[in-house]
Protein chains: 2
Amino acid sequence: MPGTITTDEPIEVAIIGGGIVGLVLAAGLIHRGVNVKVFEQARNFRALGVGIGFTARTVQCMENINPAVVKALRSGGSVNASMDEKDPKSYLRWIDGYTQHREDDPDYQKMLLTLDAGINGWETVRRDQFLEDLVKVIPVGVIHLQKRLESIEEKDENDKITIKFIDGTTATADAVFGCDGIKSTTRKLLLGKDNPASYPQYTHKVAYRALIPKEKALEALGEYKTNRQHMHIGPNAHLIHYPVNLKMIGATVIVSDPNDWPLDKPTTARASRKDVEAALEGWCLPVHNLVRLFPEELDQWALFDLFEYPVPAYNYGRVCLVGDAAHASSPHHGAGASSGIEDALCLSTLLDEVSTRMKESPESKGKALKTAFETYNEIRRTRSQWLVNSSRRVCDLFHQPEWADPAKRVKAEGAFEEIKDRSFKIWHHDSAIMVQDTIRDYRERQDRAVKV
Amino acid sequence: MPGTITTDEPIEVAIIGGGIVGLVLAAGLIHRGVNVKVFEQARNFRALGVGIGFTARTVQCMENINPAVVKALRSGGSVNASMDEKDPKSYLRWIDGYTQHREDDPDYQKMLLTLDAGINGWETVRRDQFLEDLVKVIPVGVIHLQKRLESIEEKDENDKITIKFIDGTTATADAVFGCDGIKSTTRKLLLGKDNPASYPQYTHKVAYRALIPKEKALEALGEYKTNRQHMHIGPNAHLIHYPVNLKMIGATVIVSDPNDWPLDKPTTARASRKDVEAALEGWCLPVHNLVRLFPEELDQWALFDLFEYPVPAYNYGRVCLVGDAAHASSPHHGAGASSGIEDALCLSTLLDEVSTRMKESPESKGKALKTAFETYNEIRRTRSQWLVNSSRRVCDLFHQPEWADPAKRVKAEGAFEEIKDRSFKIWHHDSAIMVQDTIRDYRERQDRAVKV
């Protein structure tokens, strides 16, 4: 009977959104024999942003989701954030981008914090190239483009969920994953138009991004900095640059903005290099040298997240919010996508558990999925919400106005122990423990449900 | 020759300040054969504040400093912060002190975070009783009362340091430790009157403290809460209560204050219970029941720390700042004294090393001490400064104005992962590793010094 769940067929899921997290989740589920359809509203794939970084632990997470994802990352041209032939480790570095010293002063561009991220501890890649290679991992026929979500209807737990698109077509599935990003339509359908958590919230930071050919960056920054990630910090702004592949570096300037950014205004606005230069007036020479290589006309990106109004839950029956749709973070830890990839591993683990469970003890597939998604919410919520908070916090620490006041410098430098702790909390995440916790929590819930 | 350091005699040190940290340091140094004099400005010993808590790791730290310190803590009547005959563990609990629910609503006084501090993981004691028993640990003749510091003069590194008091007397020592608290005169002498780091800085929080007999607390809070530490939190304030011994509980209300507190104003002001009740207007019933037991007339304590202008260093030649004199923190982690006790273990370790070194390879005692104190600064600075920052931060998280807005409650609760991480960073400190690091750093500096 169409529209009814049958327990002896593979689980059938719909993924709303074909971004990095949606495709990684699809890869993980397909790898575990789940029947997957991905619905992407755009006409073709496009990645926003410039470069994206992943820690060694996140790459391990991808490996456990589906080894093909790691292959896509590598074939997409990922490189170590510290390109040093003699040292395979990655380091993240924070240096003084502001204080005016003579170049021969030992305090000139003082190193404020160097964090050792371990061997290949931080890989960076161009977003568009990674996405392009990720698409190839997904079998033909799984991805459906130009499918803009209109509604999701979940009736009885033994019925299929019905998904309607604005082109009038429909699809059905046992479960739906909203991987549709910070502006998630899935989220708005679940929470309602009047809920402030349905909408992104302005972080009061704007970003200017550029991809710069390495040979030009060398002139601006010198060999050492060009080949290694550096964050130049100062009052109310910072500049981060890092190699994104063998030929290019990515550079982003983030500026604090006390003003509001109305939701109805597009999140990108046209701007010029002069705006960036004005925001960094009086900063150190290497910062200006690099900004001079930004395009004369470029976009100003308003940065939004879900900090002010977090969603109350990640699970709604058999519909889940995943990645940015659930917990969009500002980009200051470079860990937003990683957090979505952790979600994908948790959900892949759970659907594998549900499939096994269905074979061993036939029961309502709908009920089993609902229980699994309670586990998903339990396991993923705390850490991913913490990331949203922490990303806001570290940016405020980078941007301390105190950097501009020599009498406040000792205080400003006191922030780095916290920055270190927060970075390590992200980098040292043990996804093997998360997988164990996921399985244990799900089985306990199942056992409780059976007893009831 | 008087006034000159001799290498074959025990190291002779002066401790300025006979508070908890000064006496614990004295106990640690005496235990290691150091010749100690303590100079206290007051006529007799008095402890400010009400109760004080120590983690199991801090108690271990005391044990390594001098087992007699732990005996004093216990004879002073310390108790587990969770007095539960069936469970030897300590727990710290944060609960909703604000949201108005009916008492039979499951959300009434909702538990927001319970942290397991381990077996006897958090001991509390009355400050005055601990101090009284601590004094007994120090041999007669070591402590000199009514000695108010006037100046410290360090000439050549081979000469004794001369300490002058305002009564016209002097003392000499190989090294001086300023354990004279947040208003440290030693700090002011070292940094100068014009340095803002010489003075405490207002944290924009005020405290009201009370000691309440247990039988009265039972009526206000019930048996469960009376015997267990709880932190009732809400917008712009919190109330903490905990058993301080078998007969009493300590209770403190902390209120955010947007105003300034001039440095020339006394840090305590007369206030009445009505002020406390006004600050907690509309809070839950148990909070009001407990506040009703506060004295009708009581002190308002302005809370100061060294957050805005941290001292640039903890070591100045052979003079060191220790405990609050170096890094006074607001009390919101309950770890200010613990941080000073960690300092005392570090310094006890170092003076032991210096003594051993002097016997093995006679060299300038003054130089050896100076090098040791460079190690002290290196080892202790980062963590103790972090505590100052973290204590401010957690209080702001406890006091989030969002608690008053139901639409912001999910956001407000998102703070607890951070509160957990910060608490564990304090509680799980491994002082054995600190001791190893201290010895290693000192020996490396000595080796470098010999090579130069």
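Predicted model: local features only at pLDDT ≥ 70, side-chain atom pairs only at ≥ 80, totals over all residues.
**Ground rules.** I number residues from 1 along each chain as its sequence is written, and I letter chains from A and number ligands from 1 in the order in which they are written. Local features need pLDDT of at least 70, side-chain atom pairs count only at pLDDT 80 or more, totals for chains, interfaces and linings use all residues, and side-chain values use heavy atoms, without hydrogens and water.

**Chain A overall.** I looked up the secondary structure and found 14 helices and 20 strands. Helices (H or I, at least four residues) and strands (E, at least two) are DSSP runs, numbered from the N terminus. The C-alpha trace spans about 75 × 45 × 40 Å along its principal axes. I find 58% of the 452 residues buried. Buried means under 20% relative accessible area, with a 1.4 Å probe and protein chains only. Of the contacts (heavy atoms within 4.5 Å) between residues at least 6 apart in sequence, 75% join residues at least 24 apart.

**Ser348(A).** I placed this residue in helix H10 (residues 336-360) of chain A. Ser348(A) counts as buried because its relative accessibility is 0%. Setting aside neighbours within four places in sequence, I list its contacts as Leu25(A), Gly28(A), Leu29(A), Arg32(A) and Ile65(A).

**H13 against H13.** I compared helix H13 (residues 416-427) of chain A with helix H13 (residues 416-427) of chain B. Their axes, lines fitted to C-alpha atoms over the stretch in contact, lie 12 Å apart at an angle of about 110 degrees. Angles run from 0 to 180 degrees between N-to-C directions. H13(A) and H13(B) are therefore roughly perpendicular, a term for 65 to 115 degrees. Glu417, Glu418, Asp421, Arg422 and Lys425 make the contact, in both chain A and chain B. I count 10 charged residues there, no nonpolar and no polar. Charged covers Asp, Glu, Lys and Arg; nonpolar covers Ala, Val, Leu, Ile, Met, Phe, Trp, Tyr, Cys and Pro; polar covers the others, Gly among them.

**H11 against H13 in chain B.** The axes of helix H11 (residues 365-398) and H13(B) come within 11 Å and cross at roughly 150 degrees. That makes the pair roughly antiparallel, meaning over 145 degrees. The contact residues divide into seven nonpolar, one polar and five charged. Among them are Trp386(B) in H11(B) and Ile419(B) in H13(B).

Notes
Parallel < 35°, antiparallel > 145°, perpendicular 65-115°, else oblique. Buried < 20%, exposed > 50% of the residue type's maximum accessible area, 1.4 Å probe, protein only.
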